Amino acid sequence: LMSEKIAGLPKIDHAVNAALVTAWAAIIGGDLIGMFAFDSTPRAYLPPQGGRSAFARLRSETAALEYRHVESNPTLAIAHLHDRLKRRALIVIFTDFVDTTTSELLIENVSLLSRHHVVVFVGLRDPVVESIASAPPDDLTDVARSVTASQMLIERRIVFERLNRMGVICVDVPPEQVSSRLVSTYLSIKAREMI
């Protein structure tokens, strides 16, 4: 799902850009940065490190990520990440889901991480789906499309509400706002001394 285009770029590219902007803010703020990428199996891991050289390594690793059209395995990935992190950390998860049913496993695994770490869950709103849901219909096809889009938005909101109740910080914004909103969220977490 992360290779699907939204606002002209694959979702993964929006995620990588926002992650790099936030990582740079963290480096400037004196924090450590790392990365973990997965799909059906863990693909890349950079342990948390500090300094500008850590940012250069992160930039190189994210540039080397390949698009793969395989089903992701959040259970394996989150167990792998949990085993590697020995100290409390801020974990920013960029992912996507289609509906509440397909997100169940993801929610369950994110809840395990949120018991020991501060978790930020980032979703990218699709402006096309939102416009379809809010457009006045001209015919029955438009009504069907609008109902489907509205149902997708309702199910998405339910997932984010469940995550919020578990103590996960959620960022659900259009792609053009994700970097600024994520940096703002990071700075708020730092100001509240949550990590």
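Mentor: Axes here are lines fitted to C-alpha atoms, for helices over the stretch in contact, and the angle is taken between N-to-C directions. Keep in mind that this is a predicted model.

Trainee: Why are α3 and α4 called roughly parallel to each other?

Mentor: Helix α3 (residues 74-84) and helix α4 (residues 100-114) pack at an angle of about 10°, their axes being 9 Å apart. Angles under 35 degrees count as roughly parallel, and α3 and α4 are therefore given that description. The residues that meet include I78 and L81 in α3 and L106 and V110 in α4, and the contact divides into 7 nonpolar, 3 polar and no charged residues.

Trainee: What makes the contact between K11 and D96 a salt bridge?

Mentor: The closest N and O atoms of K11 and D96 are 2.2 Å apart, and the rule asks for a side-chain nitrogen of Lys or Arg within 4 Å of a carboxyl oxygen of Asp or Glu, so the pair qualifies. K11 lies in helix α1 and D96 in the loop between β5 and α4, 85 residues apart.

Trainee: K11 also meets E4 in a salt bridge, at 3.6 Å from N to O. How do you know whether K11 is buried or exposed?

Mentor: K11 has a relative accessible area of 5%, and buried means under 20%, so K11 is buried. E4, at 35% relative accessibility, counts as partly exposed, because that class lies between 20% and 50%. Both E4 and K11 belong to a network of salt bridges that also links D96, R125, E130, R156 and D172.

Terms used. Residues are numbered from 1 along each chain as its sequence is written. This is a predicted model: local features need pLDDT of at least 70, side-chain atom pairs count only at pLDDT 80 or more; totals for chains, interfaces and linings use all residues. Side-chain values use heavy atoms; hydrogens and water are left out. Axes are lines fitted to C-alpha atoms, for helices over the stretch in contact, and angles run from 0 to 180 degrees between N-to-C directions. Helices (H or I, at least four residues) and strands (E, at least two) are DSSP runs, numbered from the N terminus. Angles under 35 degrees count as roughly parallel, over 145 as roughly antiparallel, 65 to 115 as roughly perpendicular and the rest as oblique. Contact means heavy atoms within 4.5 Å. Ala, Val, Leu, Ile, Met, Phe, Trp, Tyr, Cys and Pro count as nonpolar, Asp, Glu, Lys and Arg as charged, and the others, Gly among them, as polar. Buried means under 20% relative accessible area, exposed over 50%, partly exposed in between (1.4 Å probe, protein chains only).
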